[in-house]
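Subject: The model you asked about

Hi,

Here is the structure, ready to open on your side.

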Amino acid sequence: MANDGLVLSEIRADGVAVVRLNRPEALNALNMAIREELAHTFAAMHDNPDVRCIVLTGNEKAFAAGADLKEFVKEGAVGIMRRRSERHWNTVAATPQPVIAAINGYAMGGGLELAMACDLIVIGEGAQVGQPEIKVGIMPGAGGTQRLTRAVGKYNAMKMCLTGKPISGVEAHAMGLASELVPDAEVLDAAIKLAVTIARMPPLAAQMIKESIIQGASAPLDAAMALERRSFQMLFATEDKTEGMTAFIEKRRADFSGE
Ligand code: CO8
């Protein structure tokens, strides 16, 4: 891993970057310092052609236990507004490359919201995920009432946000809140394996698929279909389209350049 700060990162030769939240003494509670470091780490990867897929993880006890309540307890509404901490989550969500959240242990409040700002979730069976904000007198503020509802539907989201009760990895996967469910000890390996598969794909196609799914989900169907169609057409301008189809016809493995 590249440094010893609150966020560790490594860019592997196979195009997979692994980013690790590193505040274990506080179950990776998201204070301002860790959010800023996370945003800088992702921003630096946005334009790096050597990064084709990113895995975001924590440790075996926690992905992240939410916003740092020891910082929040001292804050008023104006202070919270002035933080503009949405910019940090937006930097993660705006990553052009696909991002996989690998969840072991707790992903609570802002921690689950951070995972939902990613594109795929690999979750351990024993994970505990939830939106417990109501128990400390507030509510989700970065996607817990919005991205969660889009992922699991109104009735599951209402129950999670109104009771604050966490659910297990098994329940989360059954609800549609994860792409893959694996034994706890296999979460990071499974996420990296998935990332390696995606990193071997043509990167422009991967990025346009990501954009089409995310932007299309909040657009009317006609507009979303037009966005999809334009992106599909644009990919015919890439060298990787010629390489992919030629490799198929020549019965060999494609070598995608990203051009
Ligand atoms: N903030 C600060 N410190 C925390 C947090 C937190 N969210 N969670 C855990 N810690 C600390 C504990 O204080 C403790 O440190 P210490 O021993 O120094 O007091 C250490 O981590 C270990 O925690 P526990 O002893 O509590 O560990 P347990 O295994 O007993 O329990 C739990 C684990 C169940 C996860 C428990 O720690 C817990 O309930 N944590 C709080 C979870 C929570 O309420 N999260 C939501 C916070 S609000 C929020 O996220 C709003 C987001 C809004 C969006 C903002 C982004 C833009």
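Let me start in a loop: Leu-177 sits between helix H8 (169–174) and strand S10 (180–182). Helices (H or I, at least four residues) and strands (E, at least two) are DSSP runs, numbered from the N terminus. Leu-177 is buried, at a relative accessible area of 5%. Here buried means under 20% relative accessible area, exposed means over 50%, and partly exposed is in between (1.4 Å probe, protein chains only). From Leu-177 to Met-81 the C-alpha atoms are 29 Å apart, and 96 residues separate the two along the chain.

Before going further, two notes on how to read all this. This is a predicted model, in which local features need pLDDT of at least 70 and side-chain atom pairs count only at pLDDT 80 or more, while totals for chains, interfaces and linings use all residues. Residues are numbered from 1 along each chain as its sequence is written, and side-chain values use heavy atoms, with hydrogens and water left out.

**The ligand**

Which residues come nearest to the ligand? Of the 22 residues around the ligand, they are Ala-65, Ala-67, Leu-69, Lys-70 and Gly-110; a residue is near a molecule or strand if one of its heavy atoms lies within 4 Å of it. By type, this shell holds ten nonpolar, five polar and seven charged residues. In that count Ala, Val, Leu, Ile, Met, Phe, Trp, Tyr, Cys and Pro are nonpolar, Asp, Glu, Lys and Arg are charged, and the others, Gly among them, are polar. Helix H2 (69–72) and helix H5 (110–116) each supply at least two residues of the shell, and H2 gives the most, with three.

A backbone N or O atom of Ala-65 is 3.0 Å from a nitrogen atom of the ligand, and a polar backbone atom of Leu-69 is 2.9 Å from a ligand nitrogen. At Gly-110, a backbone N or O atom lies 2.8 Å from an oxygen atom of the ligand. The ligand taken alone exposes 1,100 Å², and the protein buries 67% of that. Those accessible areas come from the Shrake-Rupley method with a 1.4 Å probe; for residues, only the protein chains shown count as cover.

Helix H5 also holds Glu-113, which counts as buried at 3% relative accessibility. Glu-113 and Ala-64 are 49 residues apart in sequence, with their C-alpha atoms 9.8 Å apart.

**Salt bridges**

How many salt bridges are there? The count comes to seven, where a salt bridge is a side-chain nitrogen of Lys or Arg within 4 Å of a carboxyl oxygen of Asp or Glu. One of them pairs the side chains of Arg-83 and Glu-75, at 3.4 Å from N to O. Arg-83 is buried, at 9% relative accessibility, whereas Glu-75 is partly exposed, at 31%.

Arg-252 takes part in two such pairs: with Glu-243, the closest N and O atoms are 2.9 Å apart, and with Glu-250 they are 2.8 Å apart. Glu-243 is buried at 18% relative accessibility, Arg-252 is partly exposed at 36%, and Glu-250 is partly exposed at 48%. Shared partners also join Glu-71, Glu-75 and Arg-83 into one salt-bridge network.

**A buried lysine**

Lys-210 belongs to helix H10 (residues 203–217). Is Lys-210 buried or exposed? At 9% relative accessibility, Lys-210 counts as buried. A polar atom of the Lys-210 side chain lies 2.9 Å from the backbone oxygen of Gln-97.

**Two positive phi angles**

Asn-28 has a phi near 60 degrees, a positive value in a residue other than glycine. Asn-28 is in the loop between strand S2 (16–21) and helix H1 (32–46), and at 0% relative accessibility Asn-28 is buried. Lys-251, also not a glycine, has a positive phi near 55 degrees. Lys-251 lies in the segment after helix H12 (239–249) and is exposed, at 77% relative accessibility.

Happy browsing, and write back with any questions.

Best wishes

Notes:
A polar contact is a pair of N or O atoms within 3.5 Å; within protein, one must be able to donate a hydrogen and the other to accept it, and residues adjacent in sequence count only if both atoms are side-chain atoms.
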